[in-house]
Amino acid sequence: MDVSLIASNVLSPPVLFFFLGMLAVFVKSDLEIPQPLPKLFSLYLLFAIGFKGGNELVKSGASQEVILTLLAAVMMACIVPIYTFFILKIKLDLYNAAAIAATYGSISAVTFITAGSFLTELGIDFSGYMVAALALMESPAIIVGLLLVKLFAIDKQDGDFSWSEVLQEAFLNSSVFLLVGSLIIGAVSGEKGWKVEEPFTQGIFYGVLTFFLLDMGLVAAGRIKDLGKTGTFLISFSILIPIVNAAIGILLAKAIGMPQGNALLFSVLCASASYIAVPAAMRMTLPEANPSLYVTAALALTFPFNIIVGIPLYLYGINLLWG
Amino acid sequence: MDVSLIASNVLSPPVLFFFLGMLAVFVKSDLEIPQPLPKLFSLYLLFAIGFKGGNELVKSGASQEVILTLLAAVMMACIVPIYTFFILKIKLDLYNAAAIAATYGSISAVTFITAGSFLTELGIDFSGYMVAALALMESPAIIVGLLLVKLFAIDKQDGDFSWSEVLQEAFLNSSVFLLVGSLIIGAVSGEKGWKVEEPFTQGIFYGVLTFFLLDMGLVAAGRIKDLGKTGTFLISFSILIPIVNAAIGILLAKAIGMPQGNALLFSVLCASASYIAVPAAMRMTLPEANPSLYVTAALALTFPFNIIVGIPLYLYGINLLWG
Amino acid sequence: MDVSLIASNVLSPPVLFFFLGMLAVFVKSDLEIPQPLPKLFSLYLLFAIGFKGGNELVKSGASQEVILTLLAAVMMACIVPIYTFFILKIKLDLYNAAAIAATYGSISAVTFITAGSFLTELGIDFSGYMVAALALMESPAIIVGLLLVKLFAIDKQDGDFSWSEVLQEAFLNSSVFLLVGSLIIGAVSGEKGWKVEEPFTQGIFYGVLTFFLLDMGLVAAGRIKDLGKTGTFLISFSILIPIVNAAIGILLAKAIGMPQGNALLFSVLCASASYIAVPAAMRMTLPEANPSLYVTAALALTFPFNIIVGIPLYLYGINLLWG
Amino acid sequence: MHAVKRIEVLADSVELTKILAGLDKAGIIAHTVIRNVVGRSPGADATQLDNVYIIAFCMPEQVKPVIENIRPVLNKFGGACYISDAMEIRSVRCIASL
Amino acid sequence: MHAVKRIEVLADSVELTKILAGLDKAGIIAHTVIRNVVGRSPGADATQLDNVYIIAFCMPEQVKPVIENIRPVLNKFGGACYISDAMEIRSVRCIASL
Amino acid sequence: MHAVKRIEVLADSVELTKILAGLDKAGIIAHTVIRNVVGRSPGADATQLDNVYIIAFCMPEQVKPVIENIRPVLNKFGGACYISDAMEIRSVRCIASL
Ligand SMILES: Nc1ncnc2c1ncn2[C@@H]1O[C@H](COP(=O)(O)O)[C@@H](O)[C@H]1O
Ligand SMILES: Nc1ncnc2c1ncn2[C@@H]1O[C@H](COP(=O)(O)O)[C@@H](O)[C@H]1O
Ligand SMILES: Nc1ncnc2c1ncn2[C@@H]1O[C@H](COP(=O)(O)O)[C@@H](O)[C@H]1O
Ligand code: NA
Ligand code: NA
Ligand code: NA
């Protein structure tokens with residue numbers, strides 16, 4: 001594998017600040033980014049990528065490539081939770097298996113954004129409509145995860161949740177809502193809207209991402225001490241499954257004929273796991289599952305793995321295949 | 001009326017995000033912008049328009065046009081609460097009538113800023129000293145409103161407030177203080193000061209406004225369920241009075257000979273109602289009045305009306321008159 | 001002394017907003033910048049100067065000038081608390097003397113940044129590695145102050161603190177950690193990293209500083225009412241010692257042969273006192289000392305003095321000497 | 001000045017709406033919510049970042065129905081509820097819990 | 001360890017200065033204020049976003065004067081005040097409420 | 001429903017870790033922390049901006065060991081601790097303080 005790829009990922013400011021955040025926890029520095037500042041950064045990032053993505057989506061139009069990409073995205077968001085569920089059921093009970101499966105079927109917007117920055121730094125193009133793929137992949141896994149519970153619950157009284165609440169959580173949670181809303185507004189407001197928003201949505205974007213990853217480093221490292229309770233099965237799962245999901249994503253991307261930049265983003269979407277929207281939905285709808293398990297796996301293992309190793313690794317694989 | 005005017009207003013990102021915020025409440029999304037983030041945005045907006053306005057005020061100097069405009073502004077801020085008070089007294093008691101009158105005599109800085117963005121998008125010029133008009137129109141209505149209570153209170157023991165507290169609230173509340181302070185500093189610090197501040201005060205201005213209007217949409221929609229208690233009288237009032245006030249403002253602007261951009265901003269100042277500074281002052285000085293009435297009218301009705309319909313409507317009227 | 005120097009300092013937006021903040025407290029305006037917004041600004045400023053300093057440090061390399069400057073910085077950070085301790089012991093008890101000495105041996109990053117902005121406005125160059133001097137001067141005074149307590153405590157049971165906790169507080173407190181971390185990342189991430197971060201770390205820097213100084217004005221003025229309890233001795237100390245420290249710093253800078261810009265920043269580091277990191281460390285390790293004394297002296301007197309009078313005064317001295 | 005009961009509920013923020021609904025159903029409209037409270041409990045392994053602390057002062061006879069409404073929520077999602085005594089100094093302005 | 005009274009005041013944030021002045025006048029200097037508390041009451045129609053929650057532990061004999069100072073403020077601007085019992089474990093360092 | 005004790009600690013935020021350690025050592029794992037609380041006390045001259053308010057409900061017999069653990073911290077760094085009575089409505093889900 002090309003060492004320079006890892007280097008140029010690891011030496012980029014956002015990833016370095018992610019390390020710095022983790023280091024702060026390990027050396028017990030009192031560095032913290034108090035709430036609601038991380039909330040501000042994440043609202044900003046969703047707003048900015050949504051707006052930009054929508055703006056570019058209009059320019060690209062609805063070609064066959066676009067439609068195939070979005071279909072592949074929805075497909076992966078539905079299939080990943082199914083096969084991960086059966087893997088997880090080997091060692092875990094129904095509720096935890098379903099909740100973790102839903103987590104890995106959904107996506108992490110920050111991982112996606114970091115991959116985008118990585119591509120920009122390397123000078124590799126990618127399409128704005130990938131943000132639409134991101135938006136489409138957030139919710140389906142929640143539904144699939146809960147359907148699995150309904151199917152496999154022996155005691156039919158268990159896992160009783162109202163479907164209206166589930167749909168609400170899946171499609172109208174703040175992340176999905178803001179992202180889709182910004183996407184549509186970005187599409188509607190056109191070139192003139194883009195120009196006035198640009199210094200805000202584009203200019204300071206990279207800096208805010210850097211700051212946010214500093215916080216993510218703090219949060220992820222704070223979760224690492226919970227790994228003991230997680231067990232080796234889940235630890236292996238959270239490193240291996242992203243690679244598997246990314247590989248499937250890459251093959252699908254090749255089959256569809258995505259350009260390399262889009263293929264990386266697509267594989268990163270498949271590989272990443274949700275640590276905000278899905279956990280929130282699971283707490284409401286599957287309170288029987290243990291948040292420590294699904295949040296820790298997604299946040300303390302899969303997220304850092306993707307940010308540090310995964311992104312350059314998947315690009316390496318893509319470079320090999322696309323040749 | 002020119003449909004393209006409404007379209008270019010409604011399709012601008014700030015107004016679209018205002019809709020998005022309202023929509024979030026209607027569909028019960030959990031999207032929220034937690035405090036003190038909205039506070040940050042509003043401090044920033046006051047700082048930025050004050051600083052810019054002061055900077056431009058110095059360049060324009062104190063011509064007759066400037067002086068007449070500022071006089072007209074103060075005049076409207078004193079007269080509007082008087083005639084609205086008598087209209088309100090038809091249906092409401094003394095305290096509520098006075099509090100609502102004060103609210104409508106004062107202004108909404110965000111409505112003003114949105115109108116400014118609208119003009120910028122249309123390529124219509126306006127003068128920096130309009131910010132001085134904005135600053136001058138914030139406070140007088142508070143004083144006038146309380147004078148009306150003093151005059152009309154039968155039981156003289158009622159409506160007992162200390163005038164020093166009233167003046168404090170009127171002229172030193174944080175909005176007025178920061179706006180006037182930034183205006184003066186903008187005027188004093190000149191071209192050199194402007195240059196270094198510009199990427200902050202100008203560059204990201206439009207983006208912050210957009211974000212802030214998202215929050216305003218959330219807040220305004222959250223208030224809409226209180227409209228039931230408000231009654232049809234107050235509902236009609238909060239839609240019709242802005243139009244009346246704007247019309248008077250436009251005629252005055254024409255009489256003075258303001259250019260079209262300034263005329264729009266002036267009419268928007270007349271038409272808008274305060275939902276931050278005046279309500280805070282009223283809670284302190286007229287606790288007998290019901291905040292649900294004056295906040296809801298200004299925030300859930302007049303504010304959205306002006307942002308969506310009012311601004312293009314008033315410009316349409318101005319375009320007709322100025323021909 | 002050159003009046004234009006004071007004028008161009010006092011008329012710069014950050015200093016004017018500092019005045020505005022103080023004024024708000026004096027006239028009892030309710031203007032406030034609620035937490036954690038000031039925290040956001042200070043995290044941002046440390047991140048931005050660290051990142052920029054590290055970036056420039058790499059370019060300048062480790063010349064003899066750099067090494068001498070950094071040695072001088074560490075030396076001053078160790079010596080200042082020693083002689084100020086003996087001055088303070090004249091009137092104060094051991095614990096308060098040591099805590100205040102530590103405060104003045106350390107530095108104020110915001111004073112440093114304001115001096116940097118002042119130089120930029122005047123078009124005077126300074127080196128990025130001065131940020132390394134800043135970083136090196138934060139911690140030593142904490143250690144020196146506590147060593148003095150250990151040496152002079154008669155009742156050896158008193159002043160019992162764990163050294164591991166002290167070292168933790170001194171070298172891993174959030175300010176030092178973020179600054180040093182950003183410095184290293186700035187150095188590592190090179191030209192490419194700088195370019196993408198630039199609109200965030202550089203573009204809006206001055207504006208954020210301005211906003212932060214508005215808050216500092218509020219906070220400093222809020223402390224002024226505590227000056228009564230501080231006594232004339234400490235009041236005189238907090239005005240005179242900065243001048244003495246700056247003078248020593250200037251002579252040292254001249255001896256080493258620093259360019260004028262660096263000399264100003266160095267003298268400002270010597271003259272400034274810490275009101276965040278050291279006070280936090282003192283509360284933990286010297287709870288016997290009274291925070292009202294050391295925070296008030298550093299924040300309500302020395303900080304405004306340096307910002308308003310000190311910076312131009314020291315530059316005036318430097319201009320004379322460098323001639 | 002008359003005797004009232006203080007009801008305190010400590011729970012994950014996702015339960016807030018459900019608990020307030022439980023109060024409402026028992027006729028307790030007045031309440032105060034403190035958000036962004038950090039907590040730990042033997043039940044949850046990790047530190048919970050987003051808890052809420054709900055306080056409601058009510059008439060003694062309202063306690064029983066409230067508990068009946070809230071207990072199922074706590075049973076399902078976790079959290080704790082505590083009852084204690086207090087004296088109320090009510091302003092004449094409102095008629096809350098009189 | 002000795003018996004004290006806990007005074008809790010829930011009110012709109014505009015009343016804060018006035019209520020603290022009322023405590024001060026009754027000789028109660030120590031207090032704790034929690035801001036940004038969200039509340040509802042039958043008196044106010046809408047959810048109040050900017051309430052404060054003031055807690056002060058004091059000597060039993062200070063309760064009466066405090067109530068006299070605070071009641072007019074609550075009568076004018078709304079809010080509620082509650083009194084309950086507690087035991088104080090005071091550090092030797094301060095002489096508060098001894 | 002059974003009787004418990006409410007322990008409330010008001011202190012400077014630098015003491016938080018030490019106080020939670022004191023609770024832990026006495027076997028009290030469950031607690032709730034409210035940060036960014038503003039306070040004043042006759043001990044400190046100025047208004048303290050960064051206090052914490054710690055609440056823990058525990059078994060009556062845990063009170064004594066907790067006080068022994070916390071008192072030295074309060075003696076050194078300041079702060080106050082209050083004990084009062086409450087009834088616990090525990091969910092069946094957790095076994096906290098049963
Ligand atoms: N005994 C207690 N004392 C104080 N806070 C508690 C107690 N038990 C639970 N809590 C709070 O309630 C939250 C949820 O509790 P649980 O459902 O038991 O995990 C915890 O995170 C704590 O903040
Ligand atoms: N019985 C109560 N229990 C808890 N909080 C209350 C109660 N009564 C009033 N409050 C709080 O005090 C605020 C002002 O009360 P009021 O003046 O009655 O509108 C409310 O918004 C609530 O936060
Ligand atoms: N009697 C009291 N009532 C309420 N809060 C108190 C009381 N005593 C102390 N506090 C709080 O505890 C903090 C530290 O107290 P002290 O160590 O006495 O300075 C104060 O800033 C207050 O927030
Ligand atoms: Na995924
Ligand atoms: Na108006
Ligand atoms: Na110094």
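Between chain C and chain B the count of salt bridges is zero, a salt bridge being a side-chain nitrogen of Lys or Arg within 4 Å of a carboxyl oxygen of Asp or Glu. The model is predicted, so to speak of local features requires pLDDT of at least 70 and side-chain atom pairs count only at pLDDT 80 or more, whereas totals for chains, interfaces and linings use all residues. Residues are numbered from 1 along each chain as its sequence is written, chains are lettered from A and ligands numbered from 1 in the order in which they are written, and side-chain values use heavy atoms, with hydrogens and water left out.

On the side of chain C that touches chain B, α2 (13-26), α3 (37-60) and α11 (205-224) each supply at least two residues. The most comes from α2(C), with seven residues. Helices (H or I, at least four residues) and strands (E, at least two) are DSSP runs, numbered from the N terminus. By class, this side of chain C holds 21 nonpolar, five polar and four charged residues. Ala, Val, Leu, Ile, Met, Phe, Trp, Tyr, Cys and Pro count as nonpolar, Asp, Glu, Lys and Arg as charged, and the others, Gly among them, as polar.

The two chains bury about 2,300 Å² between them, 80% of it on carbon and sulfur atoms. Buried area is the accessible area (1.4 Å probe) that two parts lose on being put together, summed over both. In chain C, the residues that lose the most area to chain B are C:F17, C:L37 and C:F211, together 22% of what that side buries.

Attention now turns to the ligand. Ligand 3 lies between chains E and F. It is surrounded by 18 residues (a heavy atom within 4 Å), of which the closest are E:T32, E:R90, F:S41, F:N51 and F:G79. A polar side-chain atom of E:T32 lies 2.8 Å from an oxygen atom of ligand 3, and an N or O atom in the side chain of F:N51 is 2.7 Å from an oxygen atom of the ligand. The shell divides into eight nonpolar, eight polar and two charged residues.

Terms used. Polar contact = N/O pair within 3.5 Å; in protein donor to acceptor, adjacent residues only side chain to side chain.
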